[in-house]
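Hi everyone, thanks for making the time. Please have a look at the sequence and the structure while I talk you through them.

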Amino acid sequence: MNVLMVLTSHDQLGDTGHKTGFWLEEFAAPYYVLKDAGASITLASPLGGQPPLDPKSDAPESQTEATRRFKADAAAQAVLAATLPLAGIVAAEYDAVFYPGGHGPLWDLAEDKASIALIEAMAAAGKPVAAVCHAPGVLRHVKGADGAPLVKGKRVTGFTNTEEDAVGLTAIVPFLVEDMLKANGGVYSKGADWASYVLTDGKLITGQNPASSEAAAHALLTLLAA
């Protein structure tokens, strides 16, 4: 099974002067779940090369078994440093796509035409699409075969308004994931803040927050094995 993981290239947290990017746990956890299951993993990003890491996800309190494994894995670090440019990715070559979150995707991947086209192609081909935490934001402009928002009528989740408020970025982000999913007709639900919560509706998998990333990867494996 060939799985594509798409990461952000955006490193500026609005006009705060602070850095953002992808969230380490949300990449590392699914990366190893999929790798350990025998998946061949390809990494891509809008600009290619090394994607920016949200520095807060590298803090001691944010470390998990998967992030510690990644920090000791020179081969995985080399793969991450050499992501392929997203515009050159051919959807037909992959069995599924997984989007890790972090705040970065709200700025670039949510508006990226190559990303939108990729997800639409994967969905049209009946292939799984998974996104965790802020990454469901990449579905903002994605349409289904009927021209309606892909999430319309589907059970979805993503970073909650209360979680965004808790990290103090409600007024900084370009849009709130929860509000966007609801506005696009998604049947949004959530678990407790910061607890793992994952939904699968057809071939679409969404996870609420960093703690949901490992379970979302297992949900993806379940779809791939079906």
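Let me start with a definition: rings of Phe, Tyr and Trp (its six-membered ring) pair if their centres lie within 6.5 Å, and planes under 30 degrees apart count as stacked, over 60 as edge-to-face and the rest as tilted. With that rule, a search of the whole structure turns up five aromatic pairs. One of them joins Phe-22 and Phe-27, edge-to-face, at 6.0 Å centre to centre with 75 degrees between the planes. Another edge-to-face pair is Tyr-31 with Tyr-32, at 5.1 Å centre to centre and 85 degrees between the planes.

Before going on, a word on the source: this is a predicted model, where local features need pLDDT of at least 70 and side-chain atom pairs pLDDT 80 or more, while totals for chains, interfaces and linings use all residues. Residues are numbered from 1 along each chain as its sequence is written, and side-chain values use heavy atoms, leaving out hydrogens and water.

Now the whole protein. Of its 226 residues, 54% count as buried. Contacts (heavy atoms within 4.5 Å) tell us about the fold: among those with a separation of 6 or more, 76% link residues 24 or more positions apart. Finally, the C-alpha atoms fill a box of roughly 45 × 40 × 30 Å along the principal axes.

Methods: Buried means under 20% relative accessible area, exposed over 50%, partly exposed in between (1.4 Å probe, protein chains only).
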